Amino acid sequence: MMSQDQPSTEDRCGRFWNGMELLKDVTEKKHLLPTGLEGIDTLLGGGLRRGHLTEVTGPSSSGKTQVCLHSASLVAAKHLGVVMYLDTSNSFSPSRVATIIDGTPDLFGHKAKGCEIEDVMRSIICESVFDIFALFEVLNQLEISLSNDKVNNGGSKICLLIIDSISSLLAPIIGGKYPQGRSMMISVAMILKKLADEHNLSVLVTNHMVSAGNGAVKPALGESWKAVPHVRLVISRECRSNICTATVLKHTLLASGSTVKFTVPS
Amino acid sequence: MSFVYGAQNAWDMLSDEQSQKHITTGSGDLNHILGGGIHCKEVTEIGGVPGVGKTQLGIQLAINVQIPVEYGGLGGKAVYIDTEGSFMVERVYQIAEGCISDILEHFPHSHDKSSSGQKQLQPEHFLADIYYFRICSYTEQIAAINYLEKFLGEHKDVRIVIIDSVTFHFRQDFDDLALRTRVLSGLSLKLMKIAKAYNLAVVLLNQVTTKFTEGSFQLALALGDSWSHSCTNRLILYWNGNDRYAHLDKSPSLPVASAPYAVTGKGVRDAVSPNHKRVRVA
């Protein structure tokens with residue numbers, strides 16, 4: 001909601017907004033970033049909303065990373081801004097990204113060629129993160145560079161932050177006798193939502209699923225994480241095919257429970 | 001233009017990836033569904049029922065990673081962490097001999113080369129470049145994985161770490177399943193970090209278990225739903241009649257696919273000739 005300018009002291013302590021200002025802010029700034037997967041874009045009313053934290057959850061090999069790679073490629077190919085991709089499972093595949101970009105027309109309907117692909121791929125920045133402390137470090141650096149207007153990538157700012165997957169960083173520390181893990185999880189949630197709000201980022205995280213008994217599965221990270229994402233999407237893939245099903249578990253704007261089938265292009 | 005120190009853009013990563021060599025499995029069909037072989041900087045999980053060839057593939061990879069650069073290999077060394085005691089060194093010697101005879105078949109002119117090249121192509125040389133750790137409890141396993149980072153820092157020529165199997169001790173002695181999940185997810189992040197930092201392949205062999213889903217029991221890899229997220233790629237080995245097949249079940253960059261393979265006297269090879277088939281003992 002806040003402007004992208006340096007926040008002054010007044011801004012920090014309770015500058016209030018009226019409804020009309022909020023509406024103006026939404027129409028001007030809270031754009032939807034396409035994921036490039038038609039079914040998901042339809043389901044989400046156009047894509048990932050800036051300022052929001054979207055979570056994609058699903059069993060192993062259901063297509064969560066594909067949603068992340070597609071969103072990163074689409075946003076870059078349409079020159080919407082820079083993508084920051086935090087990878088915890090060495091699954092960011094540059095060759096896959098190149099293939100997706102190659103098949104994506106830009107805003108004017110032209111396909112990217114040669115050197116253009118290079119420019120597009122240079123606007124996706126990837127960093128490996130293997131523990132929660134490294135995540136805090138990266139998010140802290142990101143916040144500093146976003147607040148510092150001088151550091152921007154030739155005029156284009158980060159518009160999408162992807163963490164694939166947040167649950168593998170949190171799983172080793174939550175549960176058990178010690179409450180520190182849980183408080184670190186909530187700190188991560190607060191930082192992500194603050195970044196999304198103050199810098200108009202769309203944040204996309206993936207979560208894995210755990211057994212809920214009786215052979216059923218549920219999203220991991222428990223009840224207190226459940227309240228964190230604005231949008232929760234669960235996806236599953238049919239055995240040995242690339243047809244996936246996506247269901248909205250939670251959405252702050254749209255009715256939840258709607259389901260759509262989509263195909264991950266090979 | 002860097003927002004975060006050390007972060008790389010996708011274009012630079014693409015050129016890095018394209019210059020990478022992959023570790024051949026010994027079977028062309030298997031290499032094909034894996035996009036050329038086992039990839040460095042990734043964690044690959046290989047699962048299957050007992051006797052389908054997990055350990056054979058593990059040993060094969062420990063040998064193949066050592067194929068010298070001039071013969072199209074990586075010329076690296078291997079770390080083999082054995083938790084089950086199934087690493088049979090006589091078999092390793094056989095597979096090394098098989099690998100060498102295949103190299104000489106593909107490069108018939110290598111006989112003309114200097115004696116130093118020939119000296120490399122000895123089974124003894126291949127055996128000497130496998131660092132073998134025998135692990136007898138989960139405590140030792142956790143300690144070994146924690147120690148790996150230091151070990152690899154001192155042995156930078158290691159290009160593959162094989163854990164055969166990651167499961168064994170964690171299936172026997174653990175009562176607190178929530179604790180097991182936490183410990184395992186911590187280990188998997190460490191292995192991911194090692195793979196990336198030292199530019200090597202991590203191969204985890206896993207056992208199967210039965211899982212009750214949708215009203216029936218089905219085979220699934222052990223260690224649960226949470227663990228299933230802990231690898232970059234997953235390859236499942238299975239029997240199809242009397243033939244061995246591999247199914248690529250998970251990969252961020254490749255489509256799901258299956259391919260037949262065979263385990264011969266020389267090691268893992270393509271399933272072409274019918275006399276390579278072993279009659280399955282039921």
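How many bridges join strand β5 of chain B to strand β6 of chain B, and do the two run parallel or antiparallel? Four bridges hold β5 (residues 158-164) to β6 (residues 201-206) in chain B, and the pair runs parallel. This is a predicted model, so local features need pLDDT of at least 70 and side-chain atom pairs count only at pLDDT 80 or more, while totals for chains, interfaces and linings use all residues. Residues are numbered from 1 along each chain as its sequence is written, chains are lettered from A and ligands numbered from 1 in the order in which they are written, and side-chain values use heavy atoms, with hydrogens and water left out.

**The chain B sheet**

- Nine strands of chain B make an open sheet with mixed pairing, in the order β4-β3-β5-β6-β2-β9-β10-β11-β12; strands pair if DSSP finds at least two bridges between them.
- Strands here are DSSP runs of E, at least two residues, and helices are runs of H or I, at least four residues, both numbered from the N terminus.
- At the edges of this sheet sit β4 (130-134) and β12 (267-269) of chain B, each with a single partner strand, so one side of each has no neighbour in the sheet.
- From one strand to the next, the twist averages 25°.
- Helix α4 (residues 89-106) of chain B lies across β4, β11 (257-264) and β12 of chain B, at about 45° to β12(B).

- β11 (residues 243-251) of chain A pairs with β12(A) in the antiparallel sense over five bridges, with Thr247(A) opposite Thr259(A).
- Where the chains meet in this sheet, β5(A) and β1(B) run antiparallel and are joined by two bridges; Gln8(B) is the bridge partner of Cys126(A).

**The A/B interface**

- Chain A puts 55 residues into the contact and chain B puts in 42, with contact meaning heavy atoms within 4.5 Å.
- The two chains bury about 3,900 Å² between them, 62% of it on carbon and sulfur atoms; that is accessible area (1.4 Å probe) lost on being put together, summed over both parts.
- Asn90(A), Phe130(A) and Arg240(A) supply 16% of the area chain A buries against chain B, more than any other three residues.

**Salt bridges**

- A salt bridge is a side-chain nitrogen of Lys or Arg within 4 Å of a carboxyl oxygen of Asp or Glu, and the count over all chains is 15.
- One salt bridge crosses the interface of chain A and chain B: Asp12(B) with Arg122(A), whose closest N and O atoms are 3.5 Å apart.
- Within chain B, Arg234(B) and Glu45(B) meet in a salt bridge at 3.2 Å, N to O.
- That pair links distant parts of the chain, 189 residues apart: Arg234(B) is in β9 (residues 233-240) and Glu45(B) in β2 (residues 43-48) of chain B.

Technical notes:
Axes are lines fitted to C-alpha atoms, for helices over the stretch in contact, and angles run from 0 to 180 degrees between N-to-C directions.
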